[in-house]
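Have the model open beside you as you read.

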Amino acid sequence: MKDTITAIATPLGYSAIGIIRISGPKAIEIAKKIFLPIKEMDLEKVPSHTLHYGRIYYNDEFIDEVLLAVYKGPNSYTGEDMVEIFTHGSPIILEEVLKIIINEGARIAEKGEFTKRAFLNGKIDLLQAESINEIIRAESKASLRIALSKLEGDTSKRIRELKDRVEFLRVQLEASIDFPDDVEEKESSEWIRILEEIKKEVEELLLKGEKGDLIKEGYKVILVGKPNVGKSSIFNSLMREDRAIVTPIPGTTRDYIEGEIYLSGYLIKIYDTAGLSIPRDILDKLGMEKTKKILEKSNIILFVLDGSLEITEEEKNLFQEIMGYENKKVLLVVNKIDLPLKIDLSFFPENIERVYVSAKNNIGIDKLEEKLREYIIAEESIDGLFLNIYHKEELKKINNLMDESIETLKNFNAIDILGSFLYDIERSLGNMLGEEVSLDIVDKIFENFCVGK
């Protein structure tokens with residue numbers, strides 16, 4: 001990292017202010033060549049974290065009136081000397097200043113390279129580095145809250161505590177290797193207890209990771225029912241706009257339509273799907289196959305019924321099929337209550353909640369939203385955690401090693417083998433923090449960042 005990098009840090013387009021970042025050994029030197037301060041000063045001698053007013057000149061040409069911030073390493077974001085130039089937000093000005101900086105010896109930064117340098121210079125660990133991109137890309141308040149917690153180091157602290165506990169146990173075990181016959185049954189039982197506690201925490205992290213995926217990707221709500229019960233009308237009411245085509249003709253929706261809403265800061269993805277019944281043609285069949293695929297991935301199923309009609313055997317069979325899906329919240333939505341009610345709901349279990357609506361007249365939609373909100377709040381008992389595929393795989397590996405460690409200690413008391421397992425666990429926990437992770441893994445993580453961050 002001997003070279004100096006630069007990039008525009010704000011989105012391209014017209015705005016009040018644009019920001020250009022420079023980081024590396026020549027950052028301040030380059031800034032001195034192009035920046036003319038209003039008050040005479042030497043940028044190399046000014047205190048770190050100071051802001052200066054002046055103009056950008058190059059080849060005696062006035063470019064823009066700017067503010068320039070100086071951050072001196074190692075107390076900067078990247079751990080290197082850094083400069084940020086705040087220009088007027090014209091794309092022409094930003095591009096011109098960027099070209100000048102490159103002419104003076106900097107190169108364009110790669111995606112996420114500023115944060116990558118912060119990681120490589122020990123300013124943040126790998127989990128915290130990831131959280132910065134997660135903050136930028138947060139699509140809901142809940143996602144932002146989890147990402148900020150990760151940036152503050154809450155996740156990293158927990159991983160370090162687990163690593164310290166494993167290391168302490170490994171040291172104890174290694175001290176006993178030369179005298180395995182002296183290991184008392186009471187001591188062995190205590191080691192098993194500690195291992196089981198650590199395993200439980202690892203499983204909690206994996207569970208939180210699953211919840212984090214749910215929050216990041218959005219809760220998936222699917223409208224299911226036979227054709228012409230009003231699924232598309234309910235979808236439009238929830239979306240507050242006419243997204244789905246609504247007609248009295250059964251089977252109008254042949255493919256699914258997806259929309260997004262926010263409830264209590266959570267992203268919810270709603271799917272209006274083809275009615276499930278006996279297919280009339282190949283298009284019906286394809287639409288129903290897609291519906292079933294979404295059903296498998298959904299979190300909440302809204303089983304829609306036409307309240308003005310009696311329930312059919314087809315609907316009873318469909319409901320039984322839906323109840324066969326595991327880990328799904330099912331909610332009965334009785335539509336068309338503006339018409340005389342003929343439906344008998346005695347077939348359905350009493351513990352299945354039901355909401356009565358008239359999508360046509362927008363009656364009861366607020367109550368439906370409230371039920372969705374209640375489900376999300378109930379799910380809040382499990383805090384979310386954002387983990388990438390690499391970290392998930394490390395946790396799964398650790399979990400398997402914990403099983404082997406406990407089994408070894410219970411059945412064989414083979415302390416030398418157990419010490420090897422614990423060393424691998426300790427190393428995997430360190431990898432999650434980026435202590436020994438390969439540069440290939442690091443590159444893959446940072447390639448998802450935007451340029452300038």
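Q: In this predicted model, which strands do the buried residues of helix 10 pack against?
A: Helix 10 covers residues 313-322 and packs on the sheet. Its buried residues pack against strand 8, strand 11 and strand 12.

Q: Which residues of helix 10 are buried, and why do they line one face of the helix?
A: The buried residues of helix 10 are E315, L318, F319 and I322. Viewed down the axis of helix 10, these residues fall within an arc of 100 degrees, so they line one face. In general, an α-helix has 3.6 residues a turn, so residues three or four places apart point the same way. For helix 10, the arc that holds the buried residues is 100 degrees.

Q: Which residues are exposed on the other side of helix 10?
A: Exposed here means over 50% relative accessible area. On that other side, the exposed residues are E313 and N317.

Q: In what order do the six strands form the open sheet, and which are the edge strands?
A: The six strands have mixed pairing and follow the order 9-10-8-11-12-13. An edge strand pairs on one side only, and that is the case for strand 9 (257-263) and strand 13 (354-356).

Q: Which residue of strand 11 stands opposite I222?
A: Strand 8 (residues 219-224) and strand 11 (residues 300-306) run parallel, joined by four bridges. The residue opposite I222 is I301.

Q: What angle does the direction of helix 10 make with that of strand 11?
A: Helix 10 touches strand 8, strand 11 and strand 12. With the direction of strand 11, helix 10 makes an angle of about 175 degrees.

Key. Residues numbered from 1 in each chain as written. Predicted model: local features only at pLDDT ≥ 70, side-chain atom pairs only at ≥ 80, totals over all residues. Heavy atoms only, no water. Pairing = 2+ DSSP bridges. Helix = DSSP H or I, 4+ residues; strand = E, 2+ residues; numbered from the N terminus. Contact = heavy atoms within 4.5 Å. Axes fitted to C-alpha atoms, helices over the stretch in contact; angles between N-to-C directions. Buried < 20%, exposed > 50% of the residue type's maximum accessible area, 1.4 Å probe, protein only. Arc of directions from axis to C-beta.
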